[in-house]
Amino acid sequence: MSKKRIGIFGSTGSIGRQALEVIAAHPERFEVEVLTAQQNAALLIEQALLFKPNAVVIGDESKYTEVKDVLFDKGIKVFAGAAAMVEVAAWDSIDLMLAAIVGFAGLAPTLSALEQGTPIALANKETLVVAGDIVMATARRRNVPIIPVDSEHSAIFQCLLGEPMSKVDKVILTASGGPFLGKKTNFLINVKKDHALQHPNWSMGAKISIDSATLMNKGLEMIEAKWLFGLEAEQIDVVIHPQSIIHSMVQFTDGSLKAQMGLPDMKLPIQYALGYPDRLSNDFPRFSFKNYPSLTFEQPDTKTFRNLAIATEVLKKGGNAACVMNAANEEVVLAFLKNRIGFLQMTEVIEETLVKIPFVEKPTLQHYYQADNAAREHAAELIHSLT
């Protein structure tokens, strides 16, 4: 069996690092073709020396020389900049692209890979949130599979195997509730980033950890599910499941439910996506009901965590609304991580930005880029006014 050549776009982030652990555990199945990072040149160099890819791309062009000076003599091609990221994504030497770049920045490389006909293991939910119609249309036109890496969408994907979509009643995304489950507004007003980054179950990057604390992550996942699985807004539900053992469920038209379960470990959905359609053996810890005598569920508190309610309305509205929401969210999360705004102020900025940016019902790719830029500018102005 020939090895599957993997391009990891976003290799220095949480998903990228765990993907390399999976690849290292299965050297007979995978090899690394491309690694990319935005700014973490030191870790990119370390990864490249260990995995010996054909090429690396550093997004920050000011760090090109730093990377090139170490890797060029090792026979590893070195490129820099956003344009290079897009160009390398189109290489036909990549058998599978792991799209793990955080945020809107992942859109262009993913579209480039799809146009080339490269299968995608999608860990960048924002790509579908901001331009899901275009991304999925491109995948269908090029007959390219998109295999979800998010634990929730991986669960749904697995539950749907062998099932006709016409028999799907709805999908139920599970949410842990984050570090502030059960807290009210009077508590959240004083929350700082260090507390918000302490997710109770999952080990994740800073951006997704904050999104989980505000429940925006679950809102983004609702929109991602719509595009991935061709669902209507009314077919997507969210339930709080603090133990994070059931990763998501599908309810069918006969009333039966399928659930995918396991310990909260992102390496499992990563391995599933990289190895698909095969299930690969591993030595990961196994779930035991003896250790979880009670699995509980409750409805999300959308009055306190308004981001989920906002995302639900955006899901129903369609057009460029999700693109605007995502751009504003990326800006406020960055500002919160820099201690420039408060936890509750993130939601206020997102709401005001959605009101300000003109709605486009049937956007083109250019419309999405324009909406992203405009939303970021307006959100930045609002953030500045609050600091």
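1. Let's start with a strand pair in this predicted model. Strand β8, which covers residues 168-175, runs parallel to β9, and five bridges join the two. One place to look is Val 171, whose bridge partner in β9 is Ile 236.

2. Now step back to the sheet around that pair. It is an open sheet of four strands with mixed pairing, and the order across it is β9-β8-β10-β11. At the edges are β9 (236-240) and β11 (257-261), each of which pairs on one side only. From one strand to the next, the twist averages 20°.

3. Next, have a look at the helix on this sheet. Helix α7, made of residues 151-160, lies across β8, β10 (246-252) and β11. Relative to β10, helix α7 runs at about 40°.

4. Is Ser 248 buried or exposed? Its relative accessibility is 0%, so Ser 248 counts as buried, the cut-off for that being under 20%.

5. Which residues is Ser 248 in contact with, leaving aside its neighbours within four places in sequence? The list consists of Glu 152, Ala 155, Ile 156, Cys 159, Ile 172, Leu 173, Thr 174, Lys 258, Ala 259 and Gln 260.

Methods:
Residues are numbered from 1 along each chain as its sequence is written. This is a predicted model: local features need pLDDT of at least 70, side-chain atom pairs count only at pLDDT 80 or more; totals for chains, interfaces and linings use all residues. Side-chain values use heavy atoms; hydrogens and water are left out. Two strands pair if DSSP finds at least two bridges between them. Axes are lines fitted to C-alpha atoms, for helices over the stretch in contact, and angles run from 0 to 180 degrees between N-to-C directions. Contact means heavy atoms within 4.5 Å. Buried means under 20% relative accessible area, exposed over 50%, partly exposed in between (1.4 Å probe, protein chains only).
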